[in-house]
Amino acid sequence: MVASAFTSSAVTGVAKVARVASSCATCVLPVVVAVEAVPMVLSAMGFAATGITSSSIAAKMMSAAAIANGGGVAPGSLVATLQSLGATGLSRLAKFILGSTGSAIAAGIARFY
(Lines give C-alpha, C1' and ligand atoms only; values in the text may rest on other atoms or scores of the structure.)
Protein backbone atom coordinates (compact mmCIF):
# COMPACT_ATOMS: atom_id res chain seq x y z
CA MET A 1 0.00 0.00 0.00
CA VAL A 2 2.70 2.50 0.98
CA ALA A 3 4.91 1.64 -2.00
CA SER A 4 2.05 1.99 -4.45
CA ALA A 5 1.00 5.32 -2.90
CA PHE A 6 4.57 6.59 -3.15
CA THR A 7 4.87 5.40 -6.72
CA SER A 8 1.55 6.99 -7.61
CA SER A 9 2.49 10.35 -6.07
CA ALA A 10 5.94 10.21 -7.67
CA VAL A 11 4.42 9.55 -11.09
CA THR A 12 1.91 12.36 -10.54
CA GLY A 13 4.74 14.73 -9.54
CA VAL A 14 6.81 13.80 -12.57
CA ALA A 15 3.78 14.29 -14.81
CA LYS A 16 3.22 17.78 -13.36
CA VAL A 17 6.88 18.71 -13.88
CA ALA A 18 6.75 17.39 -17.44
CA ARG A 19 3.56 19.35 -18.16
CA VAL A 20 5.02 22.60 -16.78
CA ALA A 21 8.34 22.03 -18.54
CA SER A 22 6.68 21.27 -21.87
CA SER A 23 4.87 24.61 -21.74
CA CYS A 24 8.23 26.29 -22.18
CA ALA A 25 10.35 24.16 -24.49
CA THR A 26 12.94 26.92 -24.85
CA CYS A 27 13.43 26.84 -21.06
CA VAL A 28 14.09 23.11 -20.95
CA LEU A 29 16.98 22.91 -23.39
CA PRO A 30 19.38 25.09 -21.35
CA VAL A 31 18.64 23.02 -18.24
CA VAL A 32 19.34 19.76 -20.07
CA VAL A 33 22.58 21.18 -21.45
CA ALA A 34 23.57 22.38 -17.97
CA VAL A 35 22.92 18.96 -16.39
CA GLU A 36 24.91 17.21 -19.10
CA ALA A 37 27.74 19.74 -18.77
CA VAL A 38 28.36 18.99 -15.06
CA PRO A 39 31.15 16.43 -15.68
CA MET A 40 32.94 18.77 -18.10
CA VAL A 41 32.72 21.71 -15.71
CA LEU A 42 33.99 19.64 -12.78
CA SER A 43 36.88 18.35 -14.86
CA ALA A 44 37.75 21.86 -16.01
CA MET A 45 37.78 22.99 -12.37
CA GLY A 46 40.24 20.20 -11.55
CA PHE A 47 37.96 17.55 -10.04
CA ALA A 48 39.13 14.67 -12.24
CA ALA A 49 38.46 10.94 -12.10
CA THR A 50 42.07 10.38 -11.03
CA GLY A 51 41.95 12.99 -8.26
CA ILE A 52 42.36 16.71 -7.87
CA THR A 53 44.54 18.25 -10.57
CA SER A 54 47.49 20.30 -9.34
CA SER A 55 47.41 24.09 -9.76
CA SER A 56 43.67 24.10 -10.41
CA ILE A 57 40.68 25.75 -8.80
CA ALA A 58 39.97 22.43 -7.09
CA ALA A 59 43.49 22.38 -5.61
CA LYS A 60 43.00 25.88 -4.22
CA MET A 61 39.64 24.90 -2.77
CA MET A 62 41.14 21.78 -1.21
CA SER A 63 44.00 23.79 0.28
CA ALA A 64 41.61 26.32 1.82
CA ALA A 65 39.38 23.54 3.20
CA ALA A 66 42.38 21.71 4.67
CA ILE A 67 43.68 24.87 6.35
CA ALA A 68 40.23 25.62 7.77
CA ASN A 69 39.90 22.06 9.14
CA GLY A 70 43.35 21.81 10.64
CA GLY A 71 45.02 19.79 7.90
CA GLY A 72 42.36 17.59 6.32
CA VAL A 73 39.29 17.88 4.13
CA ALA A 74 36.15 16.99 6.06
CA PRO A 75 34.01 14.18 4.66
CA GLY A 76 30.80 15.56 3.19
CA SER A 77 32.28 19.01 2.62
CA LEU A 78 31.84 20.85 -0.66
CA VAL A 79 35.32 19.86 -1.85
CA ALA A 80 34.77 16.20 -0.95
CA THR A 81 31.37 16.15 -2.65
CA LEU A 82 32.64 17.80 -5.82
CA GLN A 83 35.59 15.40 -5.97
CA SER A 84 33.24 12.46 -5.58
CA LEU A 85 31.10 13.78 -8.44
CA GLY A 86 34.20 14.44 -10.52
CA ALA A 87 35.39 10.88 -9.98
CA THR A 88 32.09 9.06 -10.48
CA GLY A 89 29.86 11.50 -12.37
CA LEU A 90 26.17 12.00 -11.80
CA SER A 91 23.88 9.00 -11.56
CA ARG A 92 20.86 8.78 -13.82
CA LEU A 93 18.60 9.53 -10.87
CA ALA A 94 20.60 12.64 -9.98
CA LYS A 95 20.46 13.83 -13.60
CA PHE A 96 16.71 13.23 -13.67
CA ILE A 97 16.13 15.09 -10.41
CA LEU A 98 18.35 18.04 -11.39
CA GLY A 99 16.83 18.21 -14.86
CA SER A 100 13.25 18.01 -13.61
CA THR A 101 13.77 20.55 -10.87
CA GLY A 102 15.69 22.93 -13.10
CA SER A 103 13.11 22.64 -15.86
CA ALA A 104 10.25 23.34 -13.46
CA ILE A 105 12.07 26.38 -12.05
CA ALA A 106 12.91 27.68 -15.52
CA ALA A 107 9.32 27.19 -16.69
CA GLY A 108 8.02 28.93 -13.56
CA ILE A 109 10.31 31.89 -14.14
CA ALA A 110 9.38 32.03 -17.83
CA ARG A 111 5.71 32.38 -16.93
CA PHE A 112 6.46 35.85 -15.60
CA TYR A 113 8.10 37.03 -18.84
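Tutor: Contact means heavy atoms within 4.5 Å. In this chain, residues 24 or more positions apart account for 57% of the contacts with a separation of 6 or more.

Student: What kind of model is this?

Tutor: It is a predicted model, where local features need pLDDT of at least 70, side-chain atom pairs count only at pLDDT 80 or more, and totals for chains, interfaces and linings use all residues. Residues are numbered from 1 along each chain as its sequence is written, and side-chain values use heavy atoms, with hydrogens and water left out.

Student: How many helices and strands are in the protein chain?

Tutor: Helices (H or I, at least four residues) and strands (E, at least two) are DSSP runs, numbered from the N terminus. This chain has five helices and two strands. Starting at the N terminus, their order is α-α-β-β-α-α-α.

Student: How many residues of the protein chain count as buried, as a percentage?

Tutor: Buried means under 20% relative accessible area, exposed over 50%, and partly exposed in between (1.4 Å probe, protein chains only). Of the 113 residues here, 23% are buried.

Student: Which residues of H3 are buried?

Tutor: First, the general idea. An α-helix has 3.6 residues a turn, so residues three or four places apart point the same way. In H3, Ala58, Ala65 and Ala66 are buried. They fall within an arc of 100° (taken from the directions from the helix axis to the C-beta atoms), so they line one face of H3. On the other side of H3, Lys60, Ile67 and Ala68 are exposed.

Student: And which residues are buried in H5?

Tutor: Gly99, Ser100, Ser103, Ala106 and Ala107. Their arc is only 140°, which puts them on the same side of H5.

Student: Which residues make up the largest nonpolar core?

Tutor: A nonpolar core is a set of buried Ala, Val, Leu, Ile, Met, Phe, Trp, Tyr and Cys residues joined through side-chain atoms within 4.5 Å. The largest has six residues: Leu42, Phe47, Ala58, Ala65, Val79 and Leu82. Now look at Phe47. Leaving out residues up to four places away in sequence, Phe47 touches Leu42, Ile52, Ala58, Met61, Val79, Leu82, Gln83 and Gly86.

Student: Is Gln83 buried or exposed?

Tutor: Gln83 is buried, at 17% relative accessible area. This residue is found in H4. A polar atom of the Gln83 side chain lies 3.0 Å from the backbone oxygen of Ala48. With residues up to four places away in sequence left out, Gln83 touches Phe47, Ala48, Gly51 and Ile52.

Student: Where is Ser55 found?

Tutor: Ser55 sits in the loop between strand S2 (51-52) and H3. Its relative accessible area is 72%, so Ser55 is exposed. Check the backbone too. Most residues other than glycine have a negative phi. Ser55 has a positive phi, near 60°. Gly70, which follows H3, also has a positive phi, near 80°.

Student: How many residues apart in sequence are Val38 and Leu85?

Tutor: They are 47 residues apart, yet 8.9 Å apart in space, C-alpha to C-alpha. Val38 is found in helix H2 (residues 25-45). Its relative accessible area is 23%, so Val38 is partly exposed.

Notes
A polar contact is a pair of N or O atoms within 3.5 Å; within protein, one must be able to donate a hydrogen and the other to accept it, and residues adjacent in sequence count only if both atoms are side-chain atoms.
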